[in-house]
Amino acid sequence: MSGEDEEIRGSGETAGEGIRGTAPGTAPVPLSVLDLVTVGAGSTASAAVRTAVDIARTAERRGFHRYWVAEHHSMPGVASSSPAVLLAHLAAHTTRIRLGSGGVMLPNHAPLVIAEQFGTLEAMAPGRVDLGLGRAPGTDGATAAALRRTERLHEGADEFPQQLAELTRFLDDSFPDGHPYAKIHAVPGPVQATSPGGVQDPHRPPLWLLGSSGFSARLAGSLGLPFAFAHHFSAANTLPALDLYRASFRPSEVLSEPYALIGVAALAAESEQEARRQVMTGALSMVRLRTGRPGLVPSPEEAEAYRFNELERGFVDSWLGNVVHGTPDAVRQGLDDLAKRTGADELMITANAHGGAARLRSYELIADAYGLPA
């Protein structure tokens, strides 16, 4: 094991807390929520944030394990460009559910800034903050260059393990003597316990690695960290990535066994027809994104009136094949089958639809289907 690996593994006494959840009701595994805080046509970012609060509180009430938001940039229909800001707001409106990033795109930020942000979040919501990290930019190349103030984007991804090690050192306040950063401290953080009268905070946000291919799967496994895979937009790679994670896994102070969650696009409605009507808004939104025309999430009426060309129709059919949608019973069966097929330890559900009411209702119906407490 290299010294860098030891750095990334971090503080085992606190970093492993809250990773493993408990399957609620009749669910096969713990259920969680991934929210892109989507903005629909005819609505506003303020309304999207209000919906995010409603979803987080509903998820907490119904027994979902965690609620994550994902960093995206330069996308009019996605209002989650600043995960730490959103999570601070959500922490003020919840009391028990775990809150986290799914994820923060590490190459976009200085590790010290992330350590300070999530140290502050941990002070706001002790013991219920997750720090999920990705190596992609969460946007197009031009926007990534503007974020990073460099044109050498490939270097950010290539240097991900080193950035991860640096972030972990800041979170644990563990740079060795003689290191250029040895006298730099992320605050709030462990350094406060070493000050006169200081008391050690018992918690530190656990690190998760996110991915849609094999790189982060292998890295997470080799470091003994939990892994989150983006099945909702990279379904073809799900089984290979999970197999690679498990094969690469080495026990750590954080985890004795692998723990992998997968992001799942799922939407339930009272009827199959209504569910299809709602998910088609996400389908059209994805078509526009993939063809360089990102915008607000279209309404169901706009999606119904849109005429897909042959190429677009092929994309939509493929995309919908990985969206679990329909009646609550159908969605429950689809999620059960996915959990069994992948062996995932947790399912993180993201609802793709235009309106907040449809998304909120979907989570309620899924909770009902699994007999979760009302």
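Guide: Ten of the 14 residues of helix 16 are buried, so this helix is largely enclosed by the rest of the structure. Here buried means under 20% relative accessible area, exposed over 50% and partly exposed in between, with a 1.4 Å probe and protein chains only, while helices (H or I, at least four residues) and strands (E, at least two) are DSSP runs numbered from the N terminus. The model is predicted, so local features need pLDDT of at least 70 and side-chain atom pairs count only at pLDDT 80 or more, whereas totals for chains, interfaces and linings use all residues. Residues are numbered from 1 along each chain as its sequence is written, and side-chain values use heavy atoms, leaving out hydrogens and water.

Visitor: How far apart are the end C-alpha atoms of helix 16?

Guide: The expected span is 1.5 Å times one less than the number of residues. For the 14 residues of helix 16 (residues 356-369) this should give 20 Å, and the end C-alpha atoms agree, being apart by 20 Å.

Visitor: Is Asp130 buried or exposed?

Guide: Asp130 is found in strand 4 (residues 129-134). Because its relative accessibility is 0%, Asp130 counts as buried.

Visitor: Which side chain is joined to that of Asp130 by a polar contact of 2.8 Å?

Guide: A polar contact is a pair of N or O atoms within 3.5 Å; within protein, one must be able to donate a hydrogen and the other to accept it, and residues adjacent in sequence count only if both atoms are side-chain atoms. The side chain of Asp130 makes such a contact with the side chain of Trp68 at 3.0 Å, and the one of 2.8 Å joins the side chain of Asp130 to that of Arg66.
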